[in-house]
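Have a look at the sequence and the 3D view, then try each task before you read its solution.

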Amino acid sequence: MNTARQALDEVWAKSVDRTGRTGRLGYAERLTEHSYATWAAAQTVAGRIGPAGVLADWPSFWNLVGLAALLHDAGKVAEGFQRQVKQPGHHWGERHEVLSLAYVDLFGGGLSPDERALVAVGVGLHHRWLRSVDGSGALLDLYPESAAWERKFGHDPDPSPGQPTGQVPLRRHHAVVHWYADQLGVPVPVDGDRRLWQRAREQFTELCTAWEDPVDATRGLVGVLLQGAVTLADHSASAHVALQTHLPLPPNYLAALAYQPYPHQRKAAETDGHMILIAPTGSGKTESGLGWAARQLPTMSGQPRVVWVLPYRASIDAAVNRFRQDLPPAGADAEADIGVLHGTAALSVLADAVRDDCGPTAVDARQASSRAGAMRLFAQRFRVASAYQLLVGAIAGPRYASVLLEQANSLMVLDELHAYDPQTFGRLCACMRLWEELGTRVAVVSATLAPPMITLIRETLRSPVALHRAPDGTAPDRHRLVLDEQPLTAPASLEVVRSWLADGYSVLLVANTVDTAQALYTELAPTARAVADEAGRDTAALLLHSRFRARDRAVIERRLLARHGERQPGQPARRGGLVVATQAVEVSLRLDFDRGASELAPIEAVAQRAGRVNRLGRHPQGPVPYRVHRGESSHPYQPEALDAAWSALTAAPGPVMSEQAIDHWLNLAYQTDWGRQWDEEARRSRDAFANTFLTFTTPFTDREEFLDGLRESFDTVEILLATDEPEYARLTGGRDGHALLGAGLLIPIRYQQWRALGSIGTVGRNHRIPVVDAPYSSETGLDLGRTSRRTALQRPEDTVL
């Protein structure tokens, strides 16, 4: 082995693989190997995004990304870092990426100041923020003007115990510089009379100056996108997980359908650019969205991703399963590889993926696992996501800039956008405008979209937005509306349900809160089981809401879909069984019941809940009864929203619920004072979110303090039961542990409920997951009623989902 090769072989980028996750058990990845892999991954990222949107005006962008990707870990040549990855327990205490900036200075001489500043972002800021507001460990906190640069990165005549006197041996530096020059195809730069620590200090000063004052918003956005490209490439290389090129969406998607497409589906598949589609439940909205996405692909650069956005976890999981079964897989795969982004676990792997390389400890195994998990979130070109997982990209920084980058050159399909509160709706509109700037196209598909929502979307997006409605008569009349002033929990209301069950009908009851749903289930489940035959008794009564462990909820959903799937021609009029649910049942679950009743809700929710009853209009009895009970409490909704809904329902009560009647109800409800306030609040939220988060004038100042506020605005926190803590530790710890493995034990509840319960401990990264002691059953879920000793109708802080 020659001297240069030996010197390179001695420079590790990672500690020894003790898990086998890289496929090279017992091997330590070298700096040259990781640098080349990151550079190659950056080329793949470039192929995905291309010159989309704002990047079309920055023709050198991807070349700069490639240079930054190659140099991002150059500072690992430091002896302090080498001892850290080779010697158990050794800690260097300095930032390798800061020393990497010296190599930006060496190889960036031919760049303009703006280009060099961008490369410095990708190299210097792929682990930490540049600035913080509270001294929490950003680079300027660690390296102020008074920092002893020579001692830290050059020569230290009096080092701490275990630390070297000099950081970068000359032989090692020359070998690395020659290797970089060879990869770049450029002459070997001349060191001159400046030391590496001096170059690092000067380049760091340039980095700080370039991004110190508020910068042009477009330049700031481009800087964040470059940061995201480098961190994404680094994740891919570190995890040894390639970014996929296969998209499981054929270009002639509609032609492959087993039926003749509806007119609105054909219009969607003929639309170029943004689109809004309004079509009844069961009339192929999903196929319309897929047809629209397939239409866009030939006219877009790079390799666009399809991101399907849904409001509830149940709907996300159901959509993922549907797409995996219905879309064509790659090669010999058994099913399509669909990504899924929701919940605390997804954010946890993103956060862990950018943590520093550590010594050969269990921490290293967890970090490797998290990097692999992060790539599982990004590798696929078709994903299903929650709104929160997209909005968090606005936080940017080393953790979330890659989330923002992956929203460029994409196809966003927002399914059932009406389900969000006005604040979230407004924020998503702000994101739509940014997505457009990033070369992304947007489709909104819904069965119920009020006129103010349509107007706000079309005003927000700068390019034209096609609006398609399913023709009248697309869906048959399916329901006979019955309005009842009495609560759904009243004795007379329960007696109606019992009579339906006794007559053998399948029944769906939708409550506004989890506690009411639990109370209804407890009251009626014995009746449903008593009238069921022995073969179907175990699924005769099912309860679905959010306060289940994720894995228990998945089991319930599978049983639910197996028993109450869409009615097929020739099936009997009475299929039996009871399901009690919250609004989690409203979207994407392809369920079908003989009878239904719901608590009064906002007008869109009333229509969506009805869509799970006689879903396709195939019931032998024609339109079936669907009851709406006003009740005594508006919680968790605004009283004005329910007053507007009741007013609309009573103004045009039917009795047949046609699609035209639903459109009329929407118009009536949003013409009220409540509707006008909804519109004003959504607009305020859009503008405030855009100004605060999506205007990147200070792009590298830490704003993760807003992350909790953003999470809290979605009003949920995921908790762990104290009884599940040992299993969680086993699933998430050790060599094979992973945050995603433990996610099945987490339960979402409202922040106010968590505060009322209190925590007896915390788990997870940064101890973000509270541990609580509360009663739980896999049949009925988390029982906060027994904790608070109050009845369902008395709990003003009950959970919505």
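This is a predicted model: local features need pLDDT of at least 70, side-chain atom pairs count only at pLDDT 80 or more; totals for chains, interfaces and linings use all residues.

Residues are numbered from 1 along each chain as its sequence is written, and side-chain values use heavy atoms, with hydrogens and water left out.

**Exercise 1.** Find strand β1 and work out which strand it pairs with.

Step 1: Go to residues 12-16, which form β1. Strands here are DSSP runs of E, at least two residues long, and helices are runs of H or I, at least four long; both are numbered from the N terminus.

Step 2: Check burial, where buried means under 20% relative accessible area, exposed over 50% and partly exposed in between (1.4 Å probe, protein chains only). In β1, 5 of the 5 residues are buried, so the strand is largely enclosed by the rest of the structure.

Step 3: Look for bridges. Two strands pair if DSSP finds at least two bridges between them. β1 has 2 bridges to β2 (residues 28-30), and the two run antiparallel. V16, for instance, has A28 of β2 as its bridge partner.

**Exercise 2.** Describe the surroundings of H34.

Step 1: List its contacts (heavy atoms within 4.5 Å). Setting aside neighbours within four places in sequence, H34 touches A13, K14, E29, H72, D73, D234, A237 and S238.

Step 2: Take A13 from that list: it is 21 residues from H34 in sequence, yet their C-alpha atoms are 6.6 Å apart.

Step 3: Turn to the record. An unreviewed UniProt entry lists residues 24-236 as "domain: HD Cas3-type". Over residues 24-236, the chain is 57% helix and 1% strand, with the end C-alpha atoms 16 Å apart.

**Exercise 3.** Which residues of helix α26 are buried, and how are they arranged around the axis?

Step 1: Trace α26 along residues 659-670; its 12 residues reach 17 Å from first C-alpha to last, close to the 16 Å expected at 1.5 Å a residue. That expected span is 1.5 Å times one less than the number of residues.

Step 2: Pick out the buried ones: E659, A661, I662, W665, L666, A669 and Y670.

Step 3: Look down the axis of α26. The buried residues fall within an arc of 155°, so they line one face of the helix. The arc uses the directions from the helix axis to the C-beta atoms.

Step 4: See what covers these residues: α20, β10, α24, α25 and α27 are among the elements that do.

**Exercise 4.** Which members of the largest nonpolar core touch the most other members?

Step 1: A nonpolar core is a set of buried Ala, Val, Leu, Ile, Met, Phe, Trp, Tyr and Cys residues joined through side-chain atoms within 4.5 Å.

Step 2: Among the 204 residues of the largest core, the answer is Y103, Y180, L414, M432, I457 and W665.

Step 3: There is also a second, separate core of 31 residues, including L290, M300, V306 and A319.

**Exercise 5.** Where does A396 lie, and what is its phi?

Step 1: Look in the loop between α17 and α18.

Step 2: Phi of A396 is near 60°, a positive value in a residue other than glycine.

Step 3: A396 is buried, at 0% relative accessible area.

Notes. UniProt positions are given in the numbering used here, feature names are shortened, and annotations may be inferred rather than shown by experiment.
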